[in-house]
Structures are given as C-alpha cells and as structure tokens.
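This briefing concerns the nonpolar cores and aromatic contacts of the structure shown below. Please read it alongside the sequence and the model.

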Amino acid sequence: MGTEIERKFLVKNTDFKELAQGEMYRQGYLSSAKECTVRVRIAGSGAFITVKGPAIGLTRAEYEYAIPLADAEAMLEALAEKPLIEKRRYKIPQGGRVWEVDEFLGDNQGLIVAEIELQSEDEKFGKPHWIGEEVSGDPRYLNSSLVQHPYNKW
C-alpha cells in the first residue's frame, strides 16, 4: 500500500522562486469525497491519476499511476469537477527532502502553499526562511477543497 505523510505550510514571500523553475500543473477531481479522492493531473508533459484515502493524523493511503496525456485531457474537460486547479509547482531540495511549493492561479490566485513529505509523522526537518504558518490540519488548504471553495471567495 502507498502512503503519504505530508505537512503543509503557508509561504511568507517569493524568495523560493530563486531556487527552482516552476512547472505548470492542471488537475481536477473525479471525486472529492473526504473518504476517497480521485484526482487527474497533467504536470508538464506527463499525466497521472491518483487515489487518496482519508487522513488519519498526517498519514493517508495514496496510489498514483501514469496515464496517457490524451485521456487526462479528456477527463479534465468532461468529467472533473470545476473549476480545475491550476498552479505552478516549484520543487526545492533541502536537507534530504524536497519542498513542493504551489503558486496557485485562476480562482485560487494569491495562495502559495508549501508541502513536505516525510517518512514519519514525528520526523524532524528544517524550515526555509520563506515558510510561514503550518496549515496541515486545516481542510480549506486541501486541493480538493479549493475546487469547492476557491481561495478568491474566502
């Protein structure tokens, strides 16, 4: 079984942009139920379908598979909940881990969130100076929630 242990933080400034090139992501949800989300994502020239279970603490089941780009485009157009999530992702290595910083566009423009995946919930890690308040426990910051309640409507 695949698992994801992730912590999420707001970003205080755009200093992270000096450390990595961003890549465009488009994604949509075929199901955004908290018990099981099903996401289709186009990241650069790749496409993926991801199934995630409910979170227990910071941990949840996660399964991700590559799919044909044309299939992903068709699913995003015809099947995904709207609005789609559009963002630029920056991957920044630090201390043996990778920070993934999402600069949201479209209906979520203005929101910048950083995530770090861990091996255990109590793992220690350093935070770059541009990391702000932790929002791991706040469901508003889940991408699946941003479809239902976009940041520009908060």
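**Aromatic cluster and nonpolar cores**

Phe-9, Phe-16, Tyr-90, Trp-99, Phe-125 and Trp-130 are joined into a cluster by ring pairs. The model is predicted, and it holds eight aromatic pairs.

**Aromatic pairs**

- Phe-9 and Phe-125 pair edge-to-face, with 6.2 Å centre to centre and 70 degrees between the planes.
- Because Phe-9 belongs to strand E1 and Phe-125 to the loop between E8 and strand E9 (131–134), this pair ties together parts that are 116 residues apart in sequence.
- Both Phe-9 and Phe-125 are buried.
- Phe-16 and Tyr-90 also form an edge-to-face pair, at 5.0 Å centre to centre and 75 degrees between the planes.
- This second pair links distant parts of the chain, 74 residues apart: Phe-16 is in the loop between E1 and strand E2 (23–33), and Tyr-90 is in strand E6.
- Phe-16 has 0% relative accessibility and therefore counts as buried; Tyr-90 is buried as well, with a relative accessible area of 6%.

**Nonpolar cores**

- The largest nonpolar core has 16 residues, of which Val-11, Phe-16, Ile-92, Trp-99, Val-101, Ala-114 and Trp-130 touch the most other members.
- Strands E1 (3–11), E6 (85–94), E7 (97–104) and E8 (112–117) each give two or more residues to this core.
- A second, separate core of 10 residues includes Leu-10, Tyr-29, Ile-85 and Leu-111.

**Individual contacts**

- Leaving aside residues up to four places away in sequence, Trp-130 touches residues including Leu-10, Phe-16, Leu-19, Ile-92, Trp-99, Val-101 and Ala-114.
- Arg-140 lies over the face of Trp-154, 4.6 Å from the ring centre.

Methods:
Residues are numbered from 1 along each chain as its sequence is written. This is a predicted model: local features need pLDDT of at least 70, side-chain atom pairs count only at pLDDT 80 or more; totals for chains, interfaces and linings use all residues. Side-chain values use heavy atoms; hydrogens and water are left out. A nonpolar core is a set of buried Ala, Val, Leu, Ile, Met, Phe, Trp, Tyr and Cys residues joined through side-chain atoms within 4.5 Å. Buried means under 20% relative accessible area, exposed over 50%, partly exposed in between (1.4 Å probe, protein chains only). Helices (H or I, at least four residues) and strands (E, at least two) are DSSP runs, numbered from the N terminus. Contact means heavy atoms within 4.5 Å. Rings of Phe, Tyr and Trp (its six-membered ring) pair if their centres lie within 6.5 Å; planes under 30 degrees apart count as stacked, over 60 as edge-to-face and the rest as tilted. A charge sits over a ring if NZ of Lys or CZ of Arg is within 6 Å of the ring centre and within 35 degrees of the ring normal.
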